[in-house]
Amino acid sequence: MRQKKLVYYGKKCLIFLISVFILSVAVFYVARLAPGDPLISYYGDRTEKMSPEEREWAMGKLGLNEPISVQYVKWVKNAFHGEFGISFKYKQDVVEVIGGRIGNTLVLGGIGFIIMFAGALLLGILCAWYENRLADRILCKLGTISSCIPEFWMALVLILVFSVNLKILPSSGAYSTGNAGDIGDRVLHLMMPLTIVVMEHLWYYAYMIRNKILEEVRADYVLLAKAKGLDKKKLMFRHCVRNVMPAYLSIMAIAVPHVLGGTYVVESVFSYPGIGALSYESARYHDYNLLMLLCMMSGILVIFCNIVSQTINEQIDPRMKDEVITEKSEVVEG
């Protein structure tokens, strides 16, 4: 049994490493083959006045005059030593640039993630409890409408109402100038971005939880317990909700990339100084080193969460392992 577990988790680690390698190659080559001049990011308007010899010297200084394959091998070697190069735009080590922004994204995305899944669980239980009754129908309709509204449109509406008209909430930034340590000021700046992050995904996951609980409610053991007169509340919370929690954890794991992507969009709309806005800037200005590390960080998180979700699902339902084995054997035999 122990050996089987080691083999199982060893395969997962191997899949993770291969996926990260493929991601790094794809991002590195696509970034460098994309149209645009990276020298503009580093030298600005001076690039237009450079002679061919000066351009060649500048490309060599930034390590961009060698074949892409050679550049990639050097990047990998440096990455293993914790060296990811400097940002062309900010003229700083990319780790320092990201370190100054990542905290803002973790706060926005982390708090949004917790609120969203706590709210989704409560809404799912509430809708399942009042299935097909007025409360359930109203919540389903409101949730469907809210989930169909694009993030950027909802964000612009909030800015128009609360920043332009009412003037009670700031429309951009993580804090006012000089108030980096003011928690109250940071909360005010978080309110609108956080609302968008939560509202955009809340009902999607609440509806999934509602349906999973209802599936459990209709299971044979629940019907038998009802026939024996067991209390509805005990059935719901001690059995139904508890039995869907492993699946709920799987949903939470696979939701991380979705929430992360939504956070990036929200940061761009609200000019929130986080990883999302930084990713947009690095792609726009062809800041290769910064773009590479940001894409790798996001990609590794997505790959890891997907593998965790798959692992949880396979532990919940061992038949998934058998299906994968069957599919592989059919491919080999074919």
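Author: Helices (H or I, at least four residues) and strands (E, at least two) are DSSP runs, numbered from the N terminus. The model is predicted, so that local features need pLDDT of at least 70 and side-chain atom pairs count only at pLDDT 80 or more, while totals for chains, interfaces and linings use all residues. Residues are numbered from 1 along each chain as its sequence is written, and side-chain values use heavy atoms, with hydrogens and water left out.

From the N terminus on, the elements run α-α-α-α-α-α-α-α-α-α-α-α-α, which gives 13 helices and zero strands. The C-alpha trace spans about 90 × 65 × 35 Å along its principal axes, and 39% of the 334 residues count as buried, a word that stands for under 20% relative accessible area.

The part to look at closely is a patch of positive charge on the surface, where R46, K61, K89, K91 and R284 gather. Accessible areas come from the Shrake-Rupley method with a 1.4 Å probe.

One of these residues, K61, is found in helix 3, which covers residues 52–61. K61 has a relative accessible area of 48% and is therefore partly exposed, the class between buried and exposed (over 50%).

Across the whole protein there are 34 positive side chains (Lys and Arg) and 30 negative ones (Asp and Glu), with His and the chain ends not counted, and the centres of the two sets lie 9 Å apart.

Conventions. Patches are made of residues with over 30% relative accessible area and no salt bridge: like charges are joined within 9 Å, nonpolar side chains (Val, Leu, Ile, Met, Phe, Trp, Tyr) within 5 Å. A salt bridge is a side-chain nitrogen of Lys or Arg within 4 Å of a carboxyl oxygen of Asp or Glu. The place of a charge is taken as NZ of Lys, CZ of Arg, CG of Asp or CD of Glu. Buried means under 20% relative accessible area, exposed over 50%, partly exposed in between (1.4 Å probe, protein chains only).
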